[in-house]
Amino acid sequence: MASFSTTSKALIVAAGLLILVASEGFIHRAGAAGECGKMTVGLAAVSLTPCLGAVKDVRAKVTAACCSKVAGMFNTTPKCLCAILLSPMAKQAGINPAVAITIPKRCNIKNRPAGKKCGKYTLP
């Protein structure tokens with residue numbers, strides 16, 4: 001049986017997210033601004049594709065692109081990250097919320113809402 005590289009696995013997860021986002025677009029109509037502003041949670045999740053390597057292993061390196069996206073999210077739509085992490089799409093993509101919630105701290109984001117609850121998880 002062939003072994004997949006980390007890059008191949010990330011591409012498969014990204015493709016799965018894109019399929020889920022596309023299906024979400026057909027199921028839900030865009031309405032008033034929600035947790036992620038005028039963007040759907042699914043579309044916001046796709047914008048965090050640079051974070052895929054860091055959402056399953058707390059020791060994985062968080063890329064600069066991921067940190068930039070997460071920092072921007074905290075500045076514009078701070079509730080969006082929780083909405084993404086707690087979404088059924090994140091669960092289907094195999095994202096571990098307990099690990100993903102550590103990304104802002106691992107990125108050393110200064111304005112992160114430390115101690116804020118995100119479902120049953122707390123931002124460190």
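This is a predicted model: local features need pLDDT of at least 70, side-chain atom pairs count only at pLDDT 80 or more; totals for chains, interfaces and linings use all residues.
Residues are numbered from 1 along each chain as its sequence is written, and side-chain values use heavy atoms, with hydrogens and water left out.

View 1. Welcome to the core: 31 residues belong to it, and V70, I84 and I103 touch the most other members. A nonpolar core here is a set of buried Ala, Val, Leu, Ile, Met, Phe, Trp, Tyr and Cys residues joined through side-chain atoms within 4.5 Å; buried means under 20% relative accessible area, exposed over 50%, and partly exposed in between (1.4 Å probe, protein chains only). Two or more residues come from each of α2 (41–47), α3 (64–76), α4 (80–85) and α5 (88–92), with α4 giving the largest share, 6 residues. Helices are DSSP runs (H or I, at least four residues), numbered from the N terminus. Not counting residues up to four places away in sequence, I84 touches V41, A44, A45, L48, M73 and A90, where contact means heavy atoms within 4.5 Å.

**View 2. The largest cavity and its lining.** The structure holds 1 cavity of 30 Å³ or more, and the volume of the largest cavity is about 160 Å³. Closest to its centre, among 18 lining residues, are L48, V55, I84, L85 and I95. On a 1 Å grid over the protein atoms alone, a cavity is a set of points where a 1.4 Å probe fits but cannot get out, and lining residues have an atom within 4 Å of a point; grid points are joined across faces, edges and corners, and a volume is the space filled by probe spheres set on the points. The lining takes at least two residues from each of α4, α5 and α7 (103–106), and α4 supplies the largest share, 3 residues.

**View 3. S87 beside I84.** Look in the loop between α4 and α5 for S87, which counts as buried because its relative accessibility is 11%. A polar atom of the S87 side chain lies 2.8 Å from the backbone oxygen of I84.

View 4. T102 sits in the loop between α6 (97–100) and α7. With a relative accessible area of 15%, T102 is buried. Its side chain reaches the backbone oxygen of V99 at 2.5 Å. Beyond its neighbours within four places in sequence, T102 is in contact with V58 and P124.

Conventions: On a 1 Å grid over the protein atoms alone, a cavity is a set of points where a 1.4 Å probe fits but cannot get out, and a pocket is an open set with protein on both sides within 12 Å along at least five of seven lines; lining residues have an atom within 4 Å of a point. A polar contact is a pair of N or O atoms within 3.5 Å; within protein, one must be able to donate a hydrogen and the other to accept it, and residues adjacent in sequence count only if both atoms are side-chain atoms.
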